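Q: I'm new to this one, could you walk me through it step by step?
A: Gladly; here it is, and we can go through it topic by topic.

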Amino acid sequence: MTFSIFICLAAFLWLLGLLRRDRVSLGLPIAYLYSLLLIHVPGAFAHIVGRDFLFNSDLIEIAMRFTALGSMCFVAGVWLARSSTPRMAFRREADRHHFSWFCLLGGWSCIYGLSPLYHIPSVSAAVDKGGGVWMLGVMLGLRAAFERGDHKRIGMWFGVLMVYPVLMLLLGGFLSYGSAAIILVCAALTISTRSYWRVVVGLTAFVFLSLSIFVNYFQHRDDIRDQVWGGAPLEARIDSVIDTYRDFEWLDPTNEKHLIALDKRLNQNRFVGLAAQRIQQGQVDYLRGDSVWEGLLALVPRAFWPDKPVFAGSPQIVAKMTGLRLSPTTSFGVGNVMEFQINFGIPGVVIGFFVLGWLIGTLDLKAAVAEGRGDLGGMILFFLPGVALISPNGSLVEMVSGSAAALVAAFGWKLAWNQLAKKRSIIPKWAAGMRAIYREGPPYKHEPVA
């Protein structure tokens, strides 16, 4: 199991070096692989340290082999996506400042102002995925602030970034949704930061801090959700969150409560290992592409097919393949590792993660190239579908349907931005051609323009 963890970390460092080579990236592959390892590696680490009191370590070891293999194949797919694409040497001038605020305010309007549309089939999916454009605004604003060394704006954008996670915790009782947004936004900084060792040190501190926050949250999760789901006043919810961190504890590998928290919540390996074991023992058979076919059916909008027998979520698949009786009130994601494995075994893991790496790598590269050319509206067309694919704990149905809905929303945002830019005359005609290197952006290599 230790060797599998080492392979996972090596894959992450390989991906980091690959993307930092020319820095033409928004960090989407980093966000995906980090999120994937977050739901597999901490749980495996807990079983290594706490092997005396944690059970089913054999299942964890089986699953980590698949995770390590999938991580390497994912990075290989990203490498292929970037290997044959020419890089940019210049950045065109564009109103990135106003674009950042356009994305932020537009995304927040979708999330908090268009909630009545969430009850309309198909439209709800587009509105939900379209709301994610706020992360692009924060990402660009925060990156620009770091590049300029503007500490005031860095603090401001970090404050803006924390609005969504805090509201998700106070209004929904969930930490995972907000943390996913933080990971995605901060992933871009691992590319734009000039010092490689500063990135490594920053990542190490980020991992330690985030896991420390998690183990404290986990100890008080039920209390927070009782307040939130019970309809308690906002003051009471805030007090319950403050109580969580009043006696803050740093992550301690010798603390059994901390290890149990990692094992229970950041350990998708148990499901993966149990399903693989049951398949090997003949208790259940491979799905042989059934869930992949359901993913393709998810492309058909429910507005056109109201009785479509495909739904987001995957508790039925998890229960069938693991034989476990799962609570109907708790979400159990099948996860990419498990879904690729239970369909076609090892070939499914290899091909599935390779294709996924190629898709996310391609969308990330095209989004970064569009941003460099000054085509900010076009950047959204690649960014939002790429974000929808960053769901390592979800199902293929959710990823495929979410990407399709995100693409529809992206066309709407592109049209809105282009119309706004035209009215404001943001980009003069004389600035439409290639210009000298835009010194406030990341240093691109001097290679042919794509």
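Q: Which helix does Ser403 lie in?
A: Ser403 is part of helix α21, which covers residues 396-424, and please keep in mind that this is a predicted model.

Q: And is Ser403 buried or exposed?
A: Ser403 is buried, because its relative accessible area is 13%, and buried means under 20%.

Q: What is Ser403 in contact with?
A: When its neighbours within four places in sequence are left aside, Ser403 is in contact with Pro385, Ala388 and Leu389.

Q: Stepping back, how many helices and strands are there in the chain?
A: The secondary structure of the chain comes to 21 helices and 0 strands, and of its 450 residues, 51% are buried.

Q: Where is Trp358 found, then?
A: Trp358 is found in helix α19, and Trp358 counts as partly exposed because its relative accessibility is 38%, which falls between the 20% and 50% limits.

Q: Switching to the inside, which residues touch the most other members of the largest nonpolar core?
A: That core has 108 residues, and Phe74, Phe99 and Trp134 are the ones that touch the most other members. Helix α19 gives the most to this core, with 10 residues. Apart from it lies another core, of 11 residues, including Ala46, Leu54, Leu211 and Leu262.

Q: What does Phe74 touch?
A: Not counting residues up to four places away in sequence, Phe74 touches Leu15, Pro29, Tyr32 and Leu33, and also Phe353, Phe354, Leu356, Gly357 and Ile360.

Q: One last topic: which residues of helix α6 are buried?
A: In α6, residues 123-130, the buried ones are Ser124, Ala126, Val127 and Gly130. They cover an arc of only 165° around the axis, so they sit on the same side of α6.

Q: Why would residues a few places apart point the same way?
A: An α-helix has 3.6 residues a turn, so residues three or four places apart point the same way.

How values were computed. Residues numbered from 1 in each chain as written. Predicted model: local features only at pLDDT ≥ 70, side-chain atom pairs only at ≥ 80, totals over all residues. Heavy atoms only, no water. Buried < 20%, exposed > 50% of the residue type's maximum accessible area, 1.4 Å probe, protein only. Helix = DSSP H or I, 4+ residues; strand = E, 2+ residues; numbered from the N terminus. Arc of directions from axis to C-beta. Core = buried A, V, L, I, M, F, W, Y, C linked by side-chain atoms within 4.5 Å. Contact = heavy atoms within 4.5 Å.
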